[in-house]
Amino acid sequence: MPKPVVLIAEELSPATLDALGSDFEIRRCTGSDRDALLEALPGADAVLVRSATRLDAEAIAAGARLKVIGRAGVGLDNVDVPAASRAGVMVVNAPTSNIVSAAELTVGLLLAVARNIPQADAALRKGQWQRSRFTGVELADKVLGIVGLGRIGSLVARRMAAFDMRVIAYDPYVPPAYATQTGVEIVGLDELLTKSDFLTVHLPKTLETEGLIGFDALHRVKPGVRIVNAARGGIVDEAELYAALKEGRVAAAGVDVFATEPCTESPLFELENVVVTPHLGAGTAEAQERAGVAVAESVRQALAGRFVPEAVNVRLGTVDDELAPWLLLAERLGRLFTATAGSLPELLQVRVGGEIGRHDVAALELGALKGALGSVVEGGISYVNAPLIAQERGLATELLTGGDHPEHRSLLSVHGVLPSGEAVWVSGTLTGLQRRERLVDVCGFEVDLPLEGDVAFLRAPDRPGVIGAVGEVLGRAGQDVAGVQVARAADRAEILAAVHTAGPVAQSVLDDTAARIDATRSWSLEKSERTAR
């Protein structure tokens, strides 16, 4: 089998390639060269980029085989996430890779604007010894206002507390208890603006945050405030910041990010009380390596068909080591449900009972949906587009969790009611130290089957000679039978025969077998179907 193709469109650390391993064919292109990118994308199963490659709707459409886009970094301004979602392409990034580097750069800019370090360096290199000109201010006993107390903002707060600063923060989404634990006082934006001697910004750029520190805010700040933005360009309005600096309302500013990048010309560059850097927040060897390795691991999981908790466009809780094998079981039960039912219901119920139900099991609903759609929908089904396709087909899902199960420590079931009114369900569990998948119930027929190998199912009247007839038809077709398990339903005169074969059973042979025993339904779960994810 040919190896999946991973297209690397920008320079990444050697550790990234090591993390990918030898399971993929690595191809390269220059992502900033639009023609080269569009030419390379059709053959790629995954593409890894940083910030210079633009993956818009046109590029995503060109990558007809794309399953995952990996952004070795935090921001996703260069990736059209909605277009990727519609195409079923998973988008992964490395949201925690640069938080230490970004926090440390913020600290550096705070020190630089407090003590005029870059300006003094530049003057001395010109032979100017001007100590009084570059008199600064101390950080100790000053008020630091943090706008956005997320991962990076929290790291900055911890570091600046060591400078004996009093830290306040504005963040409507942070619980007061968390702020108390970090020693930060949560205040409103107006109070923060009027009290802060130093102000740092640590927010994502959204419609709500763009221009947040603009005309109004910069006219309410404490006179002489020093402002640092190492988050995203445009959150601090550059034109209004320039005006505030010129008028003296803001004493100094440190700016690492700009509304339009790369930025090589700006009125801010004319001001001596401004320290600028070219978007260096993630610009450390450690951050780049962490980003590349994290994204490479996510790409490996995505190309293996596994759920990737870090995926940007798949948000259904965490999948820890305990839940991961149940996610694979959910997908296989979803496939078996569709094969058993022969069609999709209007409502697909995923029922979780026993010990596993005490976890965050939201991902199991998605896994079962992906499996149920996989064998009936043309084109690729992924964790990304499964909900969209289900919505288009009028298929709703419901997750139900219950208490302990009387027979199994944990049980996972996929249920549905067909348009005819018939209820169909399949149930499975994991057993033993190896967490092996076992099928334990099919529409009320109690079974004990491993979900591996090739199995054909036949539901037929319970009468003598049925099993012999099955063996006769399959034998004439040259099909070796490895074993048969028969289950009887207590409330009806039917059997369910699970026939283990040495290879997949052709549909025509299965139809002949069903006709020979007057089977009311027949279906198969072939190994190739279960693993083609």
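**A walk through the predicted model**

Let's start with a salt bridge: aspartate 77 pairs with arginine 232, and their closest N and O atoms sit 3.9 Å apart. What makes this pair worth a look is how it links distant parts of the chain, with the two partners 155 residues apart. Aspartate 77 belongs to the loop between strand S4 (68–71) and helix H4 (81–86), while arginine 232 belongs to the loop between strand S10 (225–229) and helix H11 (238–247). Keep in mind that you're looking at a predicted model. A salt bridge here needs a side-chain nitrogen of Lys or Arg within 4 Å of a carboxyl oxygen of Asp or Glu, and by that rule the count comes to 27.

Next, the backbone. Go to glutamate 261 and proline 262 and you'll find a cis peptide bond joining them, with omega at about -5°. Proline 262 is in the loop between strand S11 (250–255) and strand S12 (274–276). Another spot to check is asparagine 116, which isn't a glycine but still has a positive phi of about 55°. Find asparagine 116 in the loop between helix H5 (99–115) and helix H6 (117–125).

Now for some helix packing. Helix H13 (residues 324–341) packs with helix H14 (residues 362–374) at an angle of about 35°, and their axes are 6 Å apart. The crossing of H13 and H14 is right-handed. Which residues do the two helices use to meet? From H13 come Trp326, Leu327, Ala330, Glu331, Gly334, Arg335 and Thr338. H14 answers with Ala363, Leu364, Gly367, Ala368, Lys370, Gly371, Ala372 and Gly374. Sorted by class, this contact has seven nonpolar, five polar and three charged residues. Glu331 and Arg335 on H13, along with Lys370 on H14, take part in the contact and count as charged.

Which strand gives the most to the patch? That's S20 (residues 481–488), with three residues.

How values were computed: Residues are numbered from 1 along each chain as its sequence is written. This is a predicted model: local features need pLDDT of at least 70, side-chain atom pairs count only at pLDDT 80 or more; totals for chains, interfaces and linings use all residues. Side-chain values use heavy atoms; hydrogens and water are left out. Axes are lines fitted to C-alpha atoms, for helices over the stretch in contact, and angles run from 0 to 180 degrees between N-to-C directions. Helices (H or I, at least four residues) and strands (E, at least two) are DSSP runs, numbered from the N terminus. A crossing is left-handed if the near helix is turned anticlockwise from the far one by less than a right angle, and right-handed if clockwise. Contact means heavy atoms within 4.5 Å.
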